[in-house]
Amino acid sequence: MAVTSRRVARVVPLAPAVVLLALFMLGPVVWSFYGSFTNAALTGPAALNPEWIGFDNYVALVGDPDFPKSLWLTVVFVFLSAVVGQNVMGIALAGMMRSAVRPVRSITSTVVVAAWVLPEIVAAFAAYAFFHSEGTLNSLLAGIGVQGPDWLYSTPMLAVIVANIWRGTAFSMMVYSAALAEVPPELTEAAQLDGANGWQRLTWVTLPVIRRSISTNLMLTTLQTLSVFTLIYVMTGGGPGTDSSTLPILAYQEAFKFAQVGYGTAIATVMIIVGGIFSVIYIRALRPEVD
């Protein structure tokens, strides 16, 4: 009885938070999942009385030539800008700042964090102005006699990947700065005395010690990047054509441009599944450390 009372005493204070999470987080997910099995639309009879159509939206996705392309572009965007770009840049900046003098650390952290704290729409317009055919990048190239291309037209995915790395690296840098501060200095000193060079100390000492922070940061940056919409929409609108149309862009266009809300919701459901797959992979990577 005493054990049961203690358990109840622990659960009751958490009940309001659980209810709110279920209402505002789980509720929309469940409703979105249900909507993907209907023909809900913004106009016409389906807007007033959407009908249950089963897996028709998902069957249509399989036959839609734009869907596999958007799925592939989403994987490329997430992998290059989050898994590789933000994490590599974040740990590199965190490592360099540990050995830099204080003024350099202050300036670097201010410049990097500024991109992260900017409102997303402002950061998107700044990136658009930088990569535009008459923007900052081509003006700098023209100063050294190089004629730059129209980046947003010729290499739209490269432009949005670099922009997302620029915007999101600050978070990874702060995570890895905290993680590196927890690495026992005697471990690296012992490895140095044993003749290990800088790369070997990083590979065999530092990275294994902070592997839990790496897995956690990978999961957070991956899920955040998977849902990036404003940055891509402002910079390229998913174009030219569908050359930078990731799943969030495709879902928006189908739901609000073509008024097929049920079909767009099916695409959003696929995004949830993709995010769940990434989460399971990272959680399994963390499990030995948790156990």
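**View 1. Transmembrane regions in the UniProt record.** UniProt, in an unreviewed entry, places the feature "transmembrane region" at residues 12–34, 71–95, 107–131, 151–167, 218–238 and 258–283. UniProt positions follow the numbering used here, feature names are shortened, and annotations may be inferred rather than shown by experiment. The model is predicted: local features need pLDDT of at least 70, side-chain atom pairs count only at pLDDT 80 or more, and totals for chains, interfaces and linings use all residues. Residues are numbered from 1 along each chain as its sequence is written, and side-chain values use heavy atoms, with hydrogens and water left out. Residues 71–95 are 100% helix and 0% strand, with end C-alpha atoms 34 Å apart. Residues 218–238 are 71% helix and 0% strand, and their end C-alpha atoms lie 25 Å apart. Helices (H or I, at least four residues) and strands (E, at least two) are DSSP runs, numbered from the N terminus.

View 2. The unreviewed UniProt entry places "domain: ABC transmembrane type-1" at residues 67–282. This stretch is 81% helix and 0% strand. Its end C-alpha atoms are 26 Å apart.

**View 3. Helix H6 against helix H10.** H6 (residues 102–117) and H10 (residues 156–181) pack at about 120°, with axes 7 Å apart. Axes are lines fitted to C-alpha atoms, for helices over the stretch in contact, and angles run from 0 to 180 degrees between N-to-C directions. H6 and H10 are therefore oblique to each other (under 35 degrees is roughly parallel, over 145 roughly antiparallel, 65 to 115 roughly perpendicular, the rest oblique). H6 contributes Ser-109, Val-112, Val-113, Ala-115 and Trp-116 to the contact (heavy atoms within 4.5 Å). H10 contributes Trp-166, Arg-167, Thr-169, Ala-170, Phe-171, Met-173 and Met-174. The contact residues divide into 9 nonpolar, 2 polar and 1 charged. Here Ala, Val, Leu, Ile, Met, Phe, Trp, Tyr, Cys and Pro count as nonpolar, Asp, Glu, Lys and Arg as charged, and the others, Gly among them, as polar.

**View 4. A salt bridge between Lys-69 and Asp-243.** The structure holds 1 salt bridge (a side-chain nitrogen of Lys or Arg within 4 Å of a carboxyl oxygen of Asp or Glu). The closest N and O atoms of Lys-69 and Asp-243 are 2.8 Å apart. The pair links distant parts of the chain, 174 residues apart. Lys-69 sits in helix H5 (residues 66–99), Asp-243 in the loop between H14 (230–235) and H15 (247–257).

**View 5. Backbone at Pro-240 and Ala-259.** The peptide bond from Gly-239 to Pro-240 is cis, with omega near 0°. Pro-240 is in the loop between H14 and H15. Ala-259 has a positive phi of about 70°, although it is not a glycine. Ala-259 lies in the loop between H15 and H16 (261–290).
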